[in-house]
Amino acid sequence: MSLPVLQNFIHGKFVASQSGNSFAVKNPASDEDIYLVEEADDALLQQAIESAKQGFAQWSKMTPIERSRILLKAVALLRERNDELARIEVQDTGKPIQEADCVDIETGADVIEYFAGLAPAQLGSQQAVGEDFFYTRREPLGICAGIGAWNYPLQIACWKSGPALAAGNAMIFKPSEETPMGAIKLAQIFIEAGMPKGVFNVVHGAARVGQWLTTHNDIEKVSFTGEVGTGKKVMQSASTNLKEVTMELGGKSPLIVFDDADVSQAVSAAMLGNFYTQGEICTNCTRVYVHRDVYVAFLDELKTRTENNVIAGDPLDPKVNLGALISKKHQQLVLEYIEKGKLEGANVLTGGHALSPESAPNGYFVAPTVFIDCTDDMSIVKEEIFGPVMSVLVFDNEDEVIKRANNTELGLAAGVFSRDIQRAHRVIHQLQAGICWINAYGNSPAEMPVGGYKQSGVGRENGVETLNSYTQTKSVYVGMSQIESPF
Ligand code: NAP
């Protein structure tokens, strides 16, 4: 049986690529090819740029309220189609439907709704300078490129397009070649909601397509989500015409559990922050520092709950709470890290192997894995694994744990569990991380800015400041008095 073919989506419709190159997308839970995708060739990419120029000309002239109305219509359509879209995300990513159903589309829609609400309230300023005065205008940048990772495909497309479009820009979006369907669905919804053609185009392909966009002179900003190494390449390419950049990159985040913490709550956070979305979340707290006095209690509960409460299997089964990793290659990489952990002297408390659940025997599953007896210099403690692999470390005092938590080039997220509110804030204020939680982990509402310190990123997504980052300030000085001239 021949597979359906997904084309690029430009100027409100699917467009055929002349090169004839295509690639297959696999369902990670079944190892089956589910559809083919046409790769964008250079002519098609240039067509996306010309279309975006037209889209931008029309969209940027509309009033913020008019833009907002269209975006809100798209939000309503996203919510109306939640179940259908959630199933698409499950097929592309391998994540459990019980997550996609209530997180992926909802949190994407929330962000578009948030920026649709903010855009009409965005103001310039005015200030007197003697008799003269100046005012500022916030103008859109032009055409922006969005480049997404594969873990939250539709949500990432919403998080990038929401602020970009609300501020009056056009966007050309390149999803990960492993998960291209979600962005296409969003593009179709935007058109259905009444958005002018060309405001949001989607192009397919791997690094070559991303690179083409990041070096193109007509693109003013790149918003990128992916690995640190790729982010560095993207920033370098973006420097060819000094594009603005937002970089949402990887992490190796610490969770610190003090001796006065509610241990059950801390275990819940550690499990959520390592096993949710089968561990493929950038903010995951993969270094769990536990105070020596609660170490045994923490491990006992962690082991019991991991072994009794995690259900791996067909991710479309609503009972399943651990899905398949994105690809066989990635599964191998995660398993290699597990072997490295064992070789470097860490001990496996639970897990430590691949899984082949009865309902999805060919999927790329890895058992939820907890390493103990870890030291800070081990590869599993230093490097982002992006799978369900937690390293637990013991600590004795506050200063020591802060130093150890900060001893990394990454700085995406951090968490503290303690009932002592002063200590919790004091510690968080010293942690070098952009997204922090106290007695919580992972929540990311649209209103809260998120992004990394150090090599985990540049700029922020969500929150008020993100809307500003999709605009440029124009200052207009108005002379009201005679010009004083020596000439
Ligand atoms: P990746 O390999 O860096 O790829 C990210 C995107 O960049 C993909 O669309 C990829 O295309 C594209 N790309 C690859 N090389 C490129 C180049 N030279 N120029 C332009 N684009 C290029 O990352 P991933 O494996 O998809 O995602 C996992 C990573 O994302 C993890 O490190 C995770 O921590 C990070 N992440 C961060 C956040 C955050 O908000 N901080 C959120 C989610 C994920 P192809 O995939 O099609 O090759």
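Q: Which residues in helix 2 meet Leu154, Cys158, Leu165 and Ala166 in helix 5?
A: In this predicted model, helix 2 covers residues 64–80 and helix 5 covers residues 153–166. By class, the residues of the contact between these two helices divide into 6 nonpolar, no polar and 1 charged. On the helix 2 side, the residues that meet Leu154, Cys158, Leu165 and Ala166 of helix 5 are Arg67, Leu71 and Leu78.

Q: Are helix 2 and helix 5 roughly parallel or roughly antiparallel to each other?
A: Two packed helices are described by the angle between their axes and the distance between the axes. For helix 2 and helix 5 the axes are 11 Å apart and the angle is about 165°, and their crossing is left-handed. Because angles over 145 degrees count as roughly antiparallel, helix 2 and helix 5 are described as roughly antiparallel.

Q: How is helix 3 oriented relative to helix 4?
A: Helix 3, residues 82–93, and helix 4, residues 97–118, have axes that come within 8 Å and cross at roughly 115°. That angle makes the orientation of helix 3 relative to helix 4 roughly perpendicular.

Q: What is the handedness of the crossing of helix 3 and helix 4, and which residues of helix 4 make the contact?
A: The crossing of helix 3 and helix 4 is right-handed. Helix 3 brings Asn82, Asp83, Leu85, Ala86, Arg87, Glu89 and Val90 to the contact, and the residues from both helices divide into 6 nonpolar, 1 polar and 5 charged. From helix 4, the contact is made by Ile97, Ala100, Asp101, Ile105 and Glu106.

Q: Which residues lie closest to the centre of the largest cavity?
A: The count comes to 2 cavities of 30 Å³ or more, and the largest cavity has a volume of about 70 Å³. Of the 16 residues that line the largest cavity, the closest to its centre are Pro254, Arg287, Leu410, Ala413 and Gln432.

Q: Which elements give two or more residues to the lining of the largest cavity?
A: By class, the lining of the largest cavity has 8 nonpolar, 6 polar and 2 charged residues. The elements that give two or more residues to this lining are helix 13 (398–406), strand 20 (410–411) and strand 21 (413–417).

Q: What is the volume of the second largest cavity?
A: The second largest cavity is lined by residues including Gly251, Cys282, Asn284, Glu384 and Phe386. By class, the lining has 4 nonpolar, 5 polar and 1 charged residues. The volume of the second largest cavity is about 60 Å³.

Methods: Residues are numbered from 1 along each chain as its sequence is written. This is a predicted model: local features need pLDDT of at least 70, side-chain atom pairs count only at pLDDT 80 or more; totals for chains, interfaces and linings use all residues. Side-chain values use heavy atoms; hydrogens and water are left out. Axes are lines fitted to C-alpha atoms, for helices over the stretch in contact, and angles run from 0 to 180 degrees between N-to-C directions. Helices (H or I, at least four residues) and strands (E, at least two) are DSSP runs, numbered from the N terminus. Angles under 35 degrees count as roughly parallel, over 145 as roughly antiparallel, 65 to 115 as roughly perpendicular and the rest as oblique. A crossing is left-handed if the near helix is turned anticlockwise from the far one by less than a right angle, and right-handed if clockwise. Contact means heavy atoms within 4.5 Å. Ala, Val, Leu, Ile, Met, Phe, Trp, Tyr, Cys and Pro count as nonpolar, Asp, Glu, Lys and Arg as charged, and the others, Gly among them, as polar. On a 1 Å grid over the protein atoms alone, a cavity is a set of points where a 1.4 Å probe fits but cannot get out, and a pocket is an open set with protein on both sides within 12 Å along at least five of seven lines; lining residues have an atom within 4 Å of a point. Grid points are joined across faces, edges and corners, and a volume is the space filled by probe spheres set on the points.
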